[in-house]
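Here are my notes on the model you sent. Please read them with the structure open.

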Amino acid sequence: MKCQETFWEDIYEGFEIPSITKEATTRQLVQYAGASGDFYEIHYDKDFAIDTGLSGVIIHGALKNAFLGTLMTDWAGPLGFLRKLSCQYRGMDYPNQSLTAKGTVTRKYEENGRFLVDCDILLENSSGEITTPGTATVELPSVSYTHLRAHETDSYLVCRLLLE
């Protein structure tokens, strides 16, 4: 668990979210198939994947979506909430290939008492190709309102202890 706190007041349109890099292994793909129920052989059987015209096993699209979710929830911190995330699968990604998740804040606003930011997000492969673009909306804590909601999450208390 990350204990970074990101506050709405510290963010601005154009802010670049710190990137994260993931590298899925074939073993992780098999585990993900079991967890998700997506047992299509192109995700773990090299011969099958090649016979279907692919160059090898490919990463599940939903796993790439999860990598983008991790980018956003790690950045939002223990008091933030991922309100919306969507992406498009525009390219194949392969095991043992570095994938970098990146994001940029495109809009900062208040709505119904919530402090929100909209972001453009993406996965980029080691060749610099954007294979999975998307968008996300995150609710961030406000410095002036954090004390009112701090009791809502045990992770907040744990992180405060670790940060002190």
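The points below take the sheet, then the helices, then the cysteines.

1. This is a predicted model, in which local features need pLDDT of at least 70 and side-chain atom pairs count only at pLDDT 80 or more, while totals for chains, interfaces and linings use all residues. Residues are numbered from 1 along each chain as its sequence is written, and side-chain values use heavy atoms, without hydrogens and water.

2. An open sheet is formed by 5 strands in the order S1-S3-S4-S5-S2, with antiparallel pairing. Strands (E, at least two residues) and helices (H or I, at least four) are DSSP runs, numbered from the N terminus; two strands pair if DSSP finds at least two bridges between them. S1 (16-22) and S2 (81-87) are at the edges with a single partner strand each, so one side of each has no neighbour in the sheet.

3. S1 is joined to S3 (residues 99-111) by 5 bridges. Thr 21 has Thr 100 in S3 as its bridge partner.

4. The axes of helix H1 (residues 26-36) and H3 come within 10 Å and cross at roughly 100°. Axes are lines fitted to C-alpha atoms, for helices over the stretch in contact, with angles from 0 to 180 degrees between N-to-C directions. H1 is therefore roughly perpendicular to H3 (65 to 115 degrees). Gln 28, Leu 29 and Tyr 32 of H1 meet Ala 62, Leu 63 and Phe 67 of H3 in this contact (heavy atoms within 4.5 Å).

5. Cys 87 counts as buried because its relative accessibility is 18%, and Cys 119 counts as buried at 1% (buried means under 20% relative accessible area, with a 1.4 Å probe and protein chains only). The count of disulfides is 0 (a disulfide is a pair of cysteine sulfur atoms within 2.5 Å).

Notes
Buried < 20%, exposed > 50% of the residue type's maximum accessible area, 1.4 Å probe, protein only. Parallel < 35°, antiparallel > 145°, perpendicular 65-115°, else oblique.
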